[in-house]
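Subject: Structure for your review

Dear colleague,

Please find below the structure that I am handing over to you. My notes on what was found in it follow directly after.

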Amino acid sequence: DYFNARYIRQIPDKELARILSCKESTANIIKERMVRLSDFPQLISYQKKPILDRKKLIFKKSTKENTVVGLKETYSHLQGIKKISSKDEALKILENVVRENKLANGDVYWSVRYALSGLEASPSPQELMWDLGLEESQKRILEAIKLLE
């Protein structure tokens, strides 16, 4: 397993995307989590439309109010752009939401991650936003906001 995982991590994203028949961004974010190529279907389960649990949307150290603010502000920031072109761009959006609204990282990062994936363990929220794309990210965040209101 160790050698196999090491080999997978050495495959360029473009080549791995070709092997797995997926987007390059998907290959990029799951590559570090793969031990075998057969891990692929489980690792991309976040791409299916999530079924959200209202209670899990709220980080354990957060409040419903802060979560709603974090999600709404993230949605608002996403409306101001045309495309999520990189993980770094998505991270800057999340950092700005935290800073501008004086929120804790958990108020934003956890709720956005869960809203996008429906999973408690998944790639980071910025990776999810980049891979899912602007339109799908907006749609999933808006559904999470509606669930909490």
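Y2 and F3 are both exposed, where exposed means over 50% relative accessible area, buried under 20% and partly exposed in between (1.4 Å probe, protein chains only). The model is a predicted one, in which local features need pLDDT of at least 70 and side-chain atom pairs count only at pLDDT 80 or more, while totals for chains, interfaces and linings use all residues. Residues are numbered from 1 along each chain as its sequence is written, and side-chain values use heavy atoms, with hydrogens and water left out.

Aromatic pairs

The structure holds two aromatic pairs. Rings of Phe, Tyr and Trp (its six-membered ring) are paired if their centres lie within 6.5 Å; planes under 30 degrees apart count as stacked, over 60 as edge-to-face and the rest as tilted. Y2 and F3 form an edge-to-face pair, with 5.2 Å centre to centre and 75° between the planes. F59 and W110 form a tilted pair, at 6.0 Å centre to centre and 45° between the planes. F59 lies in the loop between α5 (54-57) and α6 (64-79) and W110 in helix α8 (residues 105-117), so this pair ties together parts that are 51 residues apart in sequence. Helices here are DSSP runs (H or I, at least four residues), numbered from the N terminus. F59 counts as partly exposed at 23% relative accessibility, and W110 counts as buried at 19%. The loop between α5 and α6 also contains K60, which is exposed with a relative accessible area of 73%.

Helix α8 has 13 residues and reaches 18 Å from its first C-alpha to its last, close to the 18 Å expected; the expected span is 1.5 Å times one less than the number of residues. Eleven of the 13 residues of α8 are buried, among them W110, Y109 and Y114. The buried residues of α8 pack against α5, α6, α7 (87-100), α9 (125-132) and α10 (134-148). G118 follows α8 and has a positive phi, near 75°.

In α9, eight of its eight residues are buried. They pack against α3 (24-30), α6, α7, α8 and α10.

S137 belongs to helix α10 and is buried, with a relative accessible area of 0%. Leaving aside residues up to four places away in sequence, S137 touches L78, I84, L116, L128, M129 and L132, a contact being heavy atoms within 4.5 Å.

Salt bridges

Twelve salt bridges are present, each defined as a side-chain nitrogen of Lys or Arg within 4 Å of a carboxyl oxygen of Asp or Glu. K56 and E120 form one of them, with their closest N and O atoms 3.1 Å apart. This pair links distant parts of the chain, since K56 is in helix α5 and E120 in the loop between α8 and α9, 64 residues apart. K56 is partly exposed at 34%, and E120 is partly exposed at 45%.

Another salt bridge joins E15 and R18 (2.5 Å, N to O); both lie in helix α2 (residues 13-20), three residues apart. E136 and K139 also form a salt bridge, at 3.4 Å between the closest N and O atoms, and are separated by about one helical turn in α10. Finally, D1, R36 and D39 are linked in a network of salt bridges.

With kind regards

Definitions and conventions:
Helices (H or I, at least four residues) and strands (E, at least two) are DSSP runs, numbered from the N terminus.
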